[in-house]
Amino acid sequence: MKPHLKLVASTMALAVLVACQPTGTSGPGAAAGASAEASAAVPGPAPVTVDASEGVDGYVARATALRDALSPGADVATLRHDAEALMELGATLVPAFVERHPHCEGYLAAALQVRGTWPSLDLATIERDYHHDGVLPQVADSGVCYHMKDLVTHPATVLVLLKDARPDHAKARHEIDEVIEHAGFVARSTQP
């Protein structure tokens, strides 16, 4: 593997690892505080765990399950968990994609920033900055890069939609329908 690709792969692996770690305090007394918090906490969805070996097929399976679950009355915490897992799975697919399409490296590295910024974004901003590449660098032959980017951007958009007091489930389902199409392009562009 080329040195710059190793750096991208290790940086993305570290980002996924950090994103999947629980937050909290450390140091003396942290265990006592954590046990008090744990007894008072309401159980929620399990931490997000994904594995790049799920590949595009696993991505499509997760996306389809999320699309089918996106309906009024569904548990929003579970929907958010599933959308976050889908976004993280998309991120784990980037290093292998960049090996096949190295010209996408900078573009996809910038696109992955949505994983940390989505909580502060509204729908118009995520559309402008990530769907329409407002904050992303220009790249030659960007079409192939664009489809990979959307495997992270569309689940992030679902997360933005689910932040609202009254989530737009129909729009969220549409986002997932679109990302399933993008996944098909990604699968074809990574075939030998």
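This is a predicted model: local features need pLDDT of at least 70, side-chain atom pairs count only at pLDDT 80 or more; totals for chains, interfaces and linings use all residues.
The protein has nine helices and zero strands, so that, read from the N terminus on, its elements run α-α-α-α-α-α-α-α-α. Of its 192 residues, 41% count as buried.

**Helix α8**

- Helix α8 covers residues 142–163, and it is mostly covered, since 18 of its 22 residues are buried.
- H147 belongs to helix α8, and with a relative accessible area of 19% it is buried, because the cut-off for buried is under 20%.
- The side chain of H147 is joined to the side chain of H182 by a polar contact of 2.8 Å.
- T157 is another residue found in helix α8, and its relative accessibility of 0% makes it count as buried.

**The disulfide**

- The count of disulfides in the model comes to one, and the pair is formed by C104 and C145, whose sulfur atoms are 1.9 Å apart.
- The torsion about the S-S bond of C104 and C145 is about -80°, and therefore this disulfide is left-handed.
- C104 lies in the loop between α4 (76–100) and α5 (105–111), whereas C145 lies in helix α8, so the pair ties together parts that are 41 residues apart in sequence.
- What is the relative accessible area of C104? The value for C104 is 0%, so this cysteine is buried.
- C145 is likewise buried, with a relative accessible area of 0%.

- Most residues other than glycine have a negative phi, which is the background for reading the next two points.
- D133 has a positive phi of about 65° although it is not a glycine, and at 23% relative accessibility D133 counts as partly exposed.
- D141 is also found in the loop between α7 and α8, and it has a positive phi of about 55° although it is not a glycine.
- Is D141 buried or exposed? At 55% relative accessibility, D141 counts as exposed, because the cut-off for exposed is over 50%.

**Residues apart along the chain**

- V56 lies in helix α3 (residues 55–69), and V56 is buried, with a relative accessible area of 16%.
- The C-alpha atoms of V56 and L93 are separated by 7.8 Å, although these two residues are 37 residues apart along the chain.
- L112 has its place in the loop between α5 and α6 (114–117), and with a relative accessible area of 8% L112 is buried.
- The C-alpha atoms of L112 and G90 are separated by 9.4 Å, while along the chain the two residues are 22 residues apart.

**Aromatic rings**

- How many aromatic pairs does the structure hold? The structure holds zero aromatic pairs.
- One aromatic ring does have a charged residue over it, for R188 lies over the face of F185, at 4.7 Å from the ring centre.

Notes:
Residues are numbered from 1 along each chain as its sequence is written. Side-chain values use heavy atoms; hydrogens and water are left out. A disulfide is a pair of cysteine sulfur atoms within 2.5 Å. Helices (H or I, at least four residues) and strands (E, at least two) are DSSP runs, numbered from the N terminus. Buried means under 20% relative accessible area, exposed over 50%, partly exposed in between (1.4 Å probe, protein chains only). Rings of Phe, Tyr and Trp (its six-membered ring) pair if their centres lie within 6.5 Å; planes under 30 degrees apart count as stacked, over 60 as edge-to-face and the rest as tilted. A charge sits over a ring if NZ of Lys or CZ of Arg is within 6 Å of the ring centre and within 35 degrees of the ring normal. A polar contact is a pair of N or O atoms within 3.5 Å; within protein, one must be able to donate a hydrogen and the other to accept it, and residues adjacent in sequence count only if both atoms are side-chain atoms.
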